[in-house]
Amino acid sequence: MAAECEAIGVVGGGQMGSGIAQLGLVHGLHVYLSDSDPEALARASKSISSSIQRLISKGNLSEAEGSAALQRLHCTSSLEEMNGCDVIIEAIVESEEVKKKLFVELDRIAKAPAILASNTSSISITRLASATKRPAQVIGMHFMNPPPVMKLVEIIRGVNTSDETFLATKALAERFGKTVICSQDYSGFIVNRILMPMINEAFYALFTGVATKEDIDTGMKLGTNHPMGPLELADFIGLDVCLSIMRVLHSGLGGSKYVPCPLLVQYVDAGQLGRKQGLGVYDYRKSPGPTKP
Ligand code: 3HC
């Protein structure tokens, strides 16, 4: 990668991709944002604009800085336009098969020194890297949701990730104002290895009738000072995302403690995916937050 990163690509215009794109923009980078769904891309562009407007109205950015940031945003339906990017960050659906196909494509398109990073929550970086001819330049760069607010980036080195790639990725995360932690390439890395079994256990507590959803969430919020209860957080992350991470933990690490709770599976089967759809453990269609009984 060039000494100084000037342009990044972000593939995927969901909550994570648009948040990562926003970080790049407000930290002076050109950002090429792509999504295969034109509506998702339009939503991402709108949400980035309104987020930047909020930063301006709060005085965190001047009008001039905000408008320059938005001018550096290039929304595109063609990955080919990312061929000048120094780093391309993938933030698409949590499926190894789909991500590998994308990495083959990105490897073909990206310039030779470019780094290919994955925002995967749990999938092996070594296996994603094996889909490319540049495994030394493939790395995990795992942002937390919402990326503009959360202070952490978890970096995961695959077996063949070079020191140069690691240092450049760390420098980029630090440029975004993040604290970096490093994980070995094991299922779920650090954060989701610990967070997801807690969320899954909250579903088991609800499933087995230990308490109401409200009491489970209030217990963890007030009892352990978490900003959100585990069920509310699961809705925020997406129940489909939580389930797929539990499945990766179960298949990668084995053992009964990672078996996804049947209630979580049922919600996903029913299409209740959480806040993004208006309905998860809680109903968001009438009120902005968890409903009271
Ligand atoms: N983009 C930019 N800024 C945002 C934002 C977004 N998407 N969402 C919230 N903000 C800002 C708000 O503007 C506000 O800024 P201000 O204090 O300067 O006015 C600040 O964040 C707080 O927002 P709110 O007042 O609206 O709401 P809360 O105080 O309730 O905070 C929260 C919202 C930050 C989401 C907080 O509830 C929280 O920290 N929840 C836990 C989130 C968490 O645990 N995330 C990690 C999940 S695990 C993960 O992501 C890994 C993955 O692999 C699954």
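Q: What makes a residue part of the shell around the ligand, and how many residues are in the shell?
A: In this predicted model, 19 residues surround the ligand, and the closest are Ser121, Asn145, Pro146, Pro148 and Pro227. They count because the C-beta atom of such a residue lies within 6 Å of the molecule.

Q: Which elements give two or more residues to that shell?
A: They are helix 2 (38-57), helix 7 (191-207) and helix 9 (230-237). Helix 7 supplies the largest share, three residues.

Q: How do you know that both domain 1 and domain 2 take part in the shell around the ligand?
A: At least three residues of the shell come from each of domain 1 (7-183) and domain 2 (193-277). By class, the shell holds twelve nonpolar, five polar and two charged residues.

Q: What kind of peptide bond joins asparagine 145 and proline 146, and what is its omega?
A: The bond is cis, with omega about 0 degrees. Proline 146 sits in the loop between strand 6 (138-143) and strand 7 (152-157), and both Asn145 and Pro146 are among the closest residues to the ligand.

Q: Why is phenylalanine 189 called buried?
A: The cut-off for buried is 20 or more other C-beta atoms within 10 Å. Phenylalanine 189 has 23 such neighbours, so it counts as buried. Its place is in the loop between strand 8 (179-183) and helix 7, and its phi is positive, near 55 degrees, in a residue other than glycine.

Q: How do you know that the radius of gyration of the protein chain agrees with that of a compact globule?
A: For 293 residues, a compact globule would have a radius of gyration near 19 Å; the protein chain has 19 Å, so the two agree. Its C-alpha trace spans about 55 × 45 × 30 Å along the principal axes, and buried residues make up 44% of the chain.

Q: What does the UniProt record say about residues 188-284, and what is the helix and strand content there?
A: The unreviewed entry annotates them as "domain: 3-hydroxyacyl-CoA dehydrogenase C-terminal". Over this stretch the chain is 62% helix and 0% strand, while the protein chain as a whole has eleven helices and eight strands.

Methods
Residues are numbered from 1 along each chain as its sequence is written. This is a predicted model: local features need pLDDT of at least 70, side-chain atom pairs count only at pLDDT 80 or more; totals for chains, interfaces and linings use all residues. UniProt positions are given in the numbering used here, feature names are shortened, and annotations may be inferred rather than shown by experiment. Helices (H or I, at least four residues) and strands (E, at least two) are DSSP runs, numbered from the N terminus. Ala, Val, Leu, Ile, Met, Phe, Trp, Tyr, Cys and Pro count as nonpolar, Asp, Glu, Lys and Arg as charged, and the others, Gly among them, as polar. Domain bounds come from an automatic or database domain assignment. The radius of gyration is taken over C-alpha atoms; the globule rule is 2.2 Å times the number of residues to the power 0.38. A residue is buried if 20 or more other C-beta atoms lie within 10 Å of its own, exposed if 12 or fewer, and partly exposed in between; C-beta atoms are placed from the backbone.
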